Amino acid sequence: MSKPPTCREVTPADSTKLVPLFEGFYGQWFGEPVTAQAVQRRIQQARGTETLVVAERDGDILGFASLRLVPSLDSAPYAELSDLFVAGPYRRQGVGRRLLEFIEHLSRERGADRLVLTTGLKNVDAQWFYRAVGFEDHALAMRKSLGNGRASKSREIRTARRAVLWRRHEPMGTESFLLSSDEGGWHLEGQVVGILDHKPAHVRYRIACDPAWRTLAAEISLDRVGAQRELHVTVRDGGSWWLEGQEDPRLRGCTDIDLEVSPSTNTIPIRRLNLTVGGEADVTAAWVRFPGLTVEPLHQRYTRTAANRYRYASGNFATDIDVDELGLVTRYEGGWSQEAAAQPDAP
């Protein structure tokens, strides 16, 4: 049995280790690329108004939480748990409870007489967890967008480019996909429903690329026969790949991420390379395998054989890929085919 984690307040030295956790929790809402420098700025901004704490074991940060102390007309302030996040591999191991115990201790120490939080109406798992540790429903949280200010703008800058439905016959599967962009680059989001090792599975993912289609981060979740797993990937300056806060040296030199279960990630090297007809290029991808969510380097070759066709080869495997003008697969020979596509202004 693993030893219980310890909790403490965050320091600027934690910035690098917090990158994959911030990416996993805040993701598209962070307002800028999640880098160690951006996390450090957020830690500095929180001083005086917010207390960030982490749970760690053997030097690894397993999760984080955020506490705000709010003055009120009552004689005592109240405490607000504004954020709580535990990395996928450490869930259901008591990490969230340990973070909450530490937050409660800090709240009492600072004179608060109650602890409150908000969680999404559809976030049923979180609601069950909070009720299990003693929280009670007591109010309805409401919100109204003010539509101005830097924070509001950072949440509404994405532009949808194309929605796609792909289908695969063997093994059976479908994927609903959205390609969008913003000032920071490109975003690929998909939901795959299919068969993995003869068992029904549901995969969700988000991938962020910079404007030149260099992979920045990925968040992948898998639900298979009731068992849930997650993987958080970040690519840092210098081309180092980090999985759940740990660098994987095998992936140094990888240029793209490739999800075994989706045709969408072929778009990343196709757009990044921007080959002319007749041109070819070798790449090494960080290949995410399913259902294990393991990652390994995979050598690949792309050859542009026509305006909208590529020859893809890896090891002894080769196939033809047809794409649209955005580089999204319309037909993956022997695999996926595009069943429907829609522009953002389509009815």
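How much space lies in the largest cavity?

Analyst: About 50 Å³ of space lies in the largest cavity. Quick ground rules: this is a predicted model, where local features need pLDDT of at least 70, side-chain atom pairs count only at pLDDT 80 or more, and totals for chains, interfaces and linings use all residues. Residues are numbered from 1 along each chain as its sequence is written, and side-chain values use heavy atoms, with hydrogens and water left out.

Now, that cavity. Rolling a probe the size of a water molecule over the atoms shows where empty space is left. Here a cavity is a set of points, on a 1 Å grid over the protein atoms alone, where a 1.4 Å probe fits but cannot get out. Points are joined across faces, edges and corners, and the volume is the space filled by probe spheres set on them. By this rule there is 1 cavity of 30 Å³ or more.

Its lining (residues with an atom within 4 Å of a point) is made up of Arg168, Val192, Val193, Gly194, Ile195, Leu196, Ala201, Val203 and Val261. Of the strands (DSSP E runs of at least two residues, numbered from the N terminus, as helices are from H or I runs of at least four), β8 (185–196) and β9 (199–209) each supply at least two lining residues. The largest share, 5 residues, comes from β8.

Alanine 163 is partly exposed at 33% relative accessible area; buried means under 20%, exposed over 50%, and partly exposed sits in between (1.4 Å probe, protein chains only). Beyond its neighbours within four places in sequence, alanine 163 is in contact (heavy atoms within 4.5 Å) with Phe177, Leu178, Ala340, Ala341 and Ala342. Serine 180 is 17 residues away in sequence from alanine 163 and 8.9 Å away in space, C-alpha to C-alpha.

Most residues other than glycine have a negative phi, and most peptide bonds are trans. The loop between β6 and β7 (172–182) contains proline 171, and the peptide bond into it from glutamate 170 is cis, with omega near -10°. Another cis bond runs from phenylalanine 290 to proline 291, with omega near 5°. Proline 291 lies in the loop between β15 (280–289) and β16 (294–306), and leucine 293 is in the loop between β15 and β16 too. Phi of leucine 293 is positive, near 55°, and at 8% relative accessibility leucine 293 counts as buried. Asparagine 274 also has a positive phi, near 50°, but asparagine 274 is exposed, with a relative accessible area of 58%. Asparagine 274 sits in the loop between α6 (267–273) and β15.

How values were computed. On a 1 Å grid over the protein atoms alone, a cavity is a set of points where a 1.4 Å probe fits but cannot get out, and a pocket is an open set with protein on both sides within 12 Å along at least five of seven lines; lining residues have an atom within 4 Å of a point.
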